[in-house]
Amino acid sequence: MADAVAGRDKCGEPRLVSLPLSRIRVIMKSSPEVSSINQEALVLTAKATELFVQHLAACSYRRGSGRERKALTYADLSKTAEEAETFQFLADILPKKILASKYLKMLKEKRVEDEEENDSGDGNDGHEAES
Amino acid sequence: GRRGAGRKPVWIRLWRRGKSGRRGGLRKRLETEARASAPSAMAERPEDLNLPNAVITRIIKEALPDGVNISKEARSAISRAASVFVLYATSCANNFAMKGKRKTLNASDVLSAMEEMEFQRFVTPLKEALEAYRREQKGKKEASEQKKKDKDKKTDAEEQDKSRDEDNEEDEERLEEEEQNEEEEVD
């Protein structure tokens, strides 16, 4: 286990891939349309995932809030998911966080807005239609 | 709201309504897929779809300057993101396999998926890794075949010699395991 963490195999050589292939396979197989996975595809997916983790961490750190340059925070990641084109697919699982009290306030304000618009009679929401 | 002395602020996550379309619908599809696969698969606890924290942390640290800390929440978020990445990549690669009328995902499908997902920067290091992996496999196979040849020579030359070649057995077991892995069957 220590070797796995250090990224070296029994002979002390740097491992090709550190993430456990068995776990990667479990995730891949949870996709119902997939029937078989060739061993090379498994190794490449694991390697790609490692590259992705590094890419995401580095981009988020660079893009970070600027306040705490000695740490990578959740907010940095969330910001990156929202702003960077390549990480858009993560936006749903890395949502921004706000204070609950602020959110409740927002809800109240929106309700008031909606009521006012309905009173004006044109019936249009004025917000972006959801496709 | 009122904040009494000593009351902690409550943080919540503001979930955006996803954009519809391929990317926006991914989270919904992930949830649907996880539910759908639950009854049939062996071990479907949420932990099994996660990657080990220690390894993830090490990989993150390699990408950041020395001395930078990673909050627990950030680490956990990256781990989740990695799992989503695997699913997204698998789905993409599978499309290429289906286009090629194949049922088994192969290396080129994964490489094509990376381009499709706009991670071209990964393609070169992945190709290098693939070459290294193939060399390693070839080396193992040749080593095992050589040992087998030596073993045969020994038993020919000598009489009943009950030599236990543990290394040899280990290699063969590992090779068998890998071969089995290649022949994945439909669940």
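Reader: OK, and what does pLDDT say about chain A?

Author: pLDDT is the predictor's confidence in each residue, from 0 to 100. Chain A averages 83, and 78% of the residues score at least 70.

Reader: Where in chain A is confidence lowest, and where is it highest?

Author: Lowest is helix 1 (residues 2-6) of chain A, with a mean of 52, and highest is helix 3 (residues 39-63) of chain A, at 96. Where pLDDT is low, the predicted coordinates should not be read in detail.

Reader: Switching to chain B. How many helices and strands?

Author: Chain B has six helices and three strands. Helices (H or I, at least four residues) and strands (E, at least two) are DSSP runs, numbered from the N terminus. Going from the N terminus, the order in chain B is β-α-α-β-α-β-α-α-α.

Reader: How much of chain B is buried?

Author: 32% of the 187 residues of chain B count as buried. Buried means under 20% relative accessible area, exposed is over 50%, and partly exposed is in between (1.4 Å probe, protein chains only).

Reader: Now the two chains together. How many residues are in contact?

Author: 84 residues of chain B are in contact with 70 of chain A, where contact means heavy atoms within 4.5 Å. The two chains bury about 7500 Å² between them, 67% of it on carbon and sulfur atoms. Buried area is the accessible area (1.4 Å probe) that two parts lose on being put together, summed over both.

Reader: How many salt bridges and polar contacts are there between chain B and chain A?

Author: Two salt bridges, and 15 residue pairs in polar contact, with both residues at pLDDT 80 or more. The largest share of the side of chain B that touches chain A comes from helix 3 (residues 72-99) of chain B, with 16 residues. A salt bridge is a side-chain nitrogen of Lys or Arg within 4 Å of a carboxyl oxygen of Asp or Glu. A polar contact is a pair of N or O atoms within 3.5 Å; within protein, one must be able to donate a hydrogen and the other to accept it, and residues adjacent in sequence count only if both atoms are side-chain atoms.

Reader: Which side chains meet in those salt bridges?

Author: A:Lys97 meets B:Glu73 at 3.0 Å, N to O, and B:Arg134 meets A:Glu40 at 2.8 Å, N to O. B:Arg134 lies in helix 5 of chain B and A:Glu40 in helix 3 of chain A, so that pair joins two chains.

Reader: Are B:Arg134 and A:Glu40 buried or partly exposed?

Author: B:Arg134 is partly exposed, with a relative accessible area of 38%, while A:Glu40 counts as buried at 18%.

Reader: What about B:Arg102, what does that pair with?

Author: B:Arg102 forms a salt bridge with B:Asp109, with the closest N and O atoms 2.8 Å apart. B:Asp109 is buried, with a relative accessible area of 2%, and B:Arg102 is partly exposed at 31%.

Reader: New topic: where does B:Phe122 lie, and what does it touch?

Author: B:Phe122 lies in the loop between helix 4 (107-116) and helix 5 (123-157) of chain B, and counts as buried at 3% relative accessibility. Not counting residues up to four places away in sequence, B:Phe122 touches A:Ala48, A:Leu51, A:Phe52, A:His55, B:Phe85 and B:Met114.

Reader: Last one: what does A:Thr45 touch?

Author: With residues up to four places away in sequence left out, A:Thr45 touches A:Ile24, A:Met28, B:Val86 and B:Val110. A:Thr45 lies in helix 3 of chain A, and a polar atom of its side chain is 2.8 Å from the backbone oxygen of A:Ala41.

Definitions and conventions:
Residues are numbered from 1 along each chain as its sequence is written. Chains are lettered from A and ligands numbered from 1 in the order in which they are written. Side-chain values use heavy atoms; hydrogens and water are left out.
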